[in-house]
Amino acid sequence: MRILGVRAAPKVTSFVVYCTEESVLKCVDVIKIPAILDTPEKLKYVRNNILDILNLYNVELAAIRVTETNAENLSIDRLYIEAVIQEAFSSSELNKYYTIRKSGMKSSLSLSESAYKEILKSQRSINGIDNSEFTAETNEAFLAALTAEVKGC
């Protein structure tokens, strides 16, 4: 099964496509959101890219790492992007999709706070996959995909 993990941000959305049968990442990339676009066009751009990724990689399951409910620096743009990604999931052919927060990832994957932080900083590999070149956001996208795998089983 192929799982899409996503971590949104106002300017760049990180994503991974993880294949459970081979235990490999099929794609690790970002969607760079053009600054010149106005908000509705940015949302359309992200939505279309997400739908293209789902189709291109035959993704069956997806997860998005969403903003914490008690976030101190709440980004409205990030919330918009997260919402449009969830809408794209909902209107696609996915079998199932999840919205996941930090606490959900940690509990599903049995990670301590220190292990979680080490993974985000690329100081610890994930499932035997080298993530030393990943950003914290890409690591969160990968953790979201792995969490979806656990929840989807």
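How far apart along helix H4 (residues 113–120) are Glu113 and Lys117, in residues and in helical turns? These two residues are four residues apart in helix H4, and therefore about one helical turn separates them. The structure is a predicted model, in which local features need pLDDT of at least 70 and side-chain atom pairs count only at pLDDT 80 or more, while totals for chains, interfaces and linings use all residues. Residues are numbered from 1 along each chain as its sequence is written, and side-chain values use heavy atoms, with hydrogens and water left out. Helices (H or I, at least four residues) and strands (E, at least two) are DSSP runs, numbered from the N terminus.

**The sheet**

- Strands of a sheet pair through backbone hydrogen bonds, either parallel or antiparallel.
- Five strands form an open sheet with mixed pairing, in the order S3-S2-S1-S4-S5; two strands count as paired if DSSP finds at least two bridges between them.
- Strand S3 (24–32) and strand S5 (96–100) are the edge strands, each of which pairs on one side only.
- On average, neighbouring strands of this sheet are turned by 15° against each other, direction ignored; the axes are lines fitted to C-alpha atoms, for helices over the stretch in contact, and angles run from 0 to 180 degrees between N-to-C directions.
- S2 and S3 run antiparallel and are joined by eight bridges.
- Phe15 stands opposite Asp29, a residue of S3.

**Salt bridges**

- Side chains of opposite charge can pair when their charged atoms come close.
- The whole structure holds ten salt bridges, a salt bridge being a side-chain nitrogen of Lys or Arg within 4 Å of a carboxyl oxygen of Asp or Glu.
- One of them joins Glu87 and Arg47, with 2.5 Å from N to O.
- This pair links distant parts of the chain, since Glu87 belongs to helix H2 and Arg47 to helix H1 (residues 39–56), 40 residues apart.
- Glu87 is partly exposed, with a relative accessible area of 35%, and Arg47 is partly exposed as well, at 24%; buried means under 20% relative accessible area, exposed over 50%, and partly exposed in between (1.4 Å probe, protein chains only).
- Within helix H4, Glu113 forms a salt bridge with Lys117, and their closest N and O atoms are 3.9 Å apart.
- Glu113 has a relative accessible area of 27% and is therefore partly exposed; Lys117, at 43%, is partly exposed.
- Arg124 and Glu118 also meet through their side chains in a salt bridge, at 3.0 Å from N to O.
- Arg124 counts as partly exposed because its relative accessibility is 37%, and Glu118 counts as partly exposed at 28%.
- A network of salt bridges links Arg7, Arg65, Glu68 and Glu140.

**Aromatic pairs**

- A pair of aromatic rings is described by the distance of the centres and the angle of the planes.
- Rings of Phe, Tyr and Trp (its six-membered ring) pair if their centres lie within 6.5 Å; planes under 30 degrees apart count as stacked, over 60 as edge-to-face and the rest as tilted.
- By this rule, there are two aromatic pairs.
- Tyr18 and Phe142 form a tilted pair, at 5.5 Å centre to centre and with 55° between the planes.
- This pair connects distant parts of the chain: Tyr18 lies in strand S2 (residues 12–19) and Phe142 in helix H5 (residues 136–152), 124 residues apart.
- Both Tyr18 and Phe142 are buried.
- The ring centres of Phe89 and Tyr97 are 5.7 Å apart and their planes stand at 55°, so this pair is tilted.
- Phe89 is buried, with a relative accessible area of 1%, whereas Tyr97 counts as partly exposed at 32%.

**Residues with positive phi**

- Most residues other than glycine have a negative phi, and most peptide bonds are trans.
- Ser23 is not a glycine, yet its phi is positive, at about 55°.
- This serine, Ser23, lies in the loop between S2 and S3 and is partly exposed, with a relative accessible area of 39%.
- Ser122, also a residue other than glycine, has a positive phi near 60°.
- Ser122 is located in the loop between H4 and H5, and it counts as buried because its relative accessibility is 16%.
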